[in-house]
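Thanks for coming, everyone. Let me put the model on the screen, and then we will walk through it.

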Amino acid sequence: MLMPVHAMVIALLALSTPGWAQQGESAADAESPALRVSGELALVSDYRYRGISESDNDVAVEGGLTVIHESGFYTAAWASTLRGWGTFGGADIELDLSLGYITAIGNAAIDTGITWISFPGGVNETDFWEGFVHVSGSTGPLDLTASVYYAPPQEALGNFSATPFSRGQSEDNLYLAGDANLPIADTPITLSGHIGYSNGNPGLGPNNTSLAPTGEYWDWSLGASLPLAGPLTLSISYIDTDIGAAESAFLQPFFSEGQDGTGSIADARLVIGLTAKF
C-alpha cells in the first residue's frame, strides 16, 4: 500500500530542512531547492481503508503526489480506484486533497493539516473533510507515529433522515492510530505494524458513505516491505478488524464482496502491493 502522505512529507522535510541534515555535512551539502516533490504509484491486491475494503476485495491502482516548501507548508493529492461499497454512489475513484504544515521539534516531527475526501461523479453528500495531526519520532532503529484524525459533523457522515425530502443528518468521526516501522539489521527488509480505533456514526449514510459503519471498531495490520530494483518496493500486510459477522449483518448487502449479502469486506485479508517511488 502507499506510503502515508505524512511519511512522504517527513522524508521530504529531511531533505529540505537544514536542521535535519546529518551531522558532518557541509553547508553546500545541506542546500536544497525551495520546493521538493515526491510521488508514488502502486498496484495493490486490495484497497483497505482503516481495515475495510473499498475495492470489493479486489485489485486497486493508487497514486500520490506531494509538494513541500522549505517553510514546512505542503500540498498533497492521492487517488485510488474503487469497487463495490467503496464507490459511495460516485465514479470508481477516490480523490483526497490535503493542505498541511510540518515542522521538526527536537527529534520529533509534527505534521498537521486537513484533507478533502471526494468521490468524483457522486453527489455532494458523499464528500467530506477531515483534520489530522501526526507526531513522529524514532527510538533506536524503531520509527513511531501517533495520529489523530477528526471529521466534524457533515452530511456525508450522517444517516438518512426519515423526514421526506430531508438531506439527512450530520455526524462527526474520530480516528486514533499508532504506526511503527522497524528495519531488520543486515537485511533490506522493514517490518511494520499498525493499530487504529474508529468512533463515529453507526450505519451507512447518504449513498453508503461511512467512516465507522459499526459505530466503533478496531483495525490492525502487520507487514513487511522489501526494496526491489530501481524505485520499486514489494510489500505484504495482514489486515484485520474486530467487526464480527453479527455487526456486519446489519450493514448487508452493501458490506459484502459483490454486495450479495454474504461474507464481509472487513474480514482478515492478506494485501500485497508493488510501489514505484519518484
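Which residue in the turn between β12 and β13 has a positive phi? It is G230, with a phi of about 65 degrees. The hairpin formed by β12 and β13 has 4 residues between the strands. Before I go on, one reminder: this is a predicted model.

β12 and β13 run antiparallel and are joined by 9 bridges. Then move on to the next strand. β13 covers residues 232-241, and β14 covers residues 269-277. These two pair over 8 bridges, in the antiparallel sense. S237 has V271 as its bridge partner in β14. Y238 has L270.

Now the whole fold. 12 strands close into a barrel, and the pairing is antiparallel. The order runs β1-β4-β5-β6-β7-β8-β9-β10-β11-β12-β13-β14. On average, neighbouring strands of this sheet are turned by 20 degrees against each other, direction ignored. As a reminder, strands of a sheet pair through backbone hydrogen bonds, either parallel or antiparallel.

Go to the start of that order. β1 is residues 35-44, and β4 is residues 60-69. They pair over 10 bridges, antiparallel. L35 has H69 as its bridge partner in β4. Next, β4 pairs with β5, residues 73-81, over 7 bridges, again in the antiparallel sense. β4 and β5 make a hairpin with 3 residues between them. The turn holds G72, with a positive phi of about 110 degrees.

On to β6 and β7. β6 spans residues 93-105 and β7 spans residues 108-118. They run antiparallel, joined by 11 bridges. A104 stands opposite A109 in β7. This is a hairpin too, with 2 residues between the strands. In its turn, G106 has a positive phi of about 65 degrees. The other neighbour of β7 is β8, residues 128-139, antiparallel and joined by 9 bridges. I117 has F128 as its bridge partner in β8.

While we are on β7, look at D111, which lies in that strand. What is the nearest side chain of opposite charge to D111? It is R50, and it is 13 Å away. D111 is buried yet has no salt bridge. What D111 does have is a polar contact of 2.6 Å with the side chain of Y74.

That brings us to charge pairs. The structure holds 4 salt bridges. Let me pick out some of them. D46 pairs with R48, with the closest N and O atoms 2.8 Å apart. Both D46 and R48 are buried. D46 also forms a salt bridge with R269, at 3.9 Å between the closest N and O atoms. D46 sits in the loop between β1 and β2, and R269 is in strand β14, so this pair ties together parts that are 223 residues apart in sequence. How exposed are the two ends? D46 counts as buried because its relative accessibility is 0%. R269, at 28%, counts as partly exposed.

Another salt bridge joins D58 and R83, with the closest N and O atoms 2.2 Å apart. D58 is in the loop between β3 and β4, R83 is in the loop between β5 and β6, and they are 25 residues apart. D58 is partly exposed, with a relative accessible area of 28%. R83 is partly exposed as well, at 40%. Back to D46: shared partners join D46, R48 and R269 into one network.

Last topic, aromatics. The count comes to 5 aromatic pairs. One of them is Y47 with W78, a tilted pair, 5.4 Å centre to centre and 55 degrees between the planes. Y47 is in the loop between β1 and β2, W78 is in strand β5, and 31 residues separate them. Y47 counts as buried because its relative accessibility is 3%. W78 is buried too, at 13%.

Another is Y197 with W218, also tilted, at 5.0 Å centre to centre and 50 degrees between the planes. Y197 lies in strand β11 and W218 in strand β12, 21 residues apart. Buried or partly exposed, for Y197? Buried, with a relative accessible area of 17%. W218 is partly exposed, at 38%.

That's my tour. Over to you.

Key:
Residues are numbered from 1 along each chain as its sequence is written. This is a predicted model: local features need pLDDT of at least 70, side-chain atom pairs count only at pLDDT 80 or more; totals for chains, interfaces and linings use all residues. Side-chain values use heavy atoms; hydrogens and water are left out. Two strands pair if DSSP finds at least two bridges between them. Axes are lines fitted to C-alpha atoms, for helices over the stretch in contact, and angles run from 0 to 180 degrees between N-to-C directions. Buried means under 20% relative accessible area, exposed over 50%, partly exposed in between (1.4 Å probe, protein chains only). Lys and Arg count as positive and Asp and Glu as negative; His and the chain ends are not counted. A polar contact is a pair of N or O atoms within 3.5 Å; within protein, one must be able to donate a hydrogen and the other to accept it, and residues adjacent in sequence count only if both atoms are side-chain atoms. Rings of Phe, Tyr and Trp (its six-membered ring) pair if their centres lie within 6.5 Å; planes under 30 degrees apart count as stacked, over 60 as edge-to-face and the rest as tilted.
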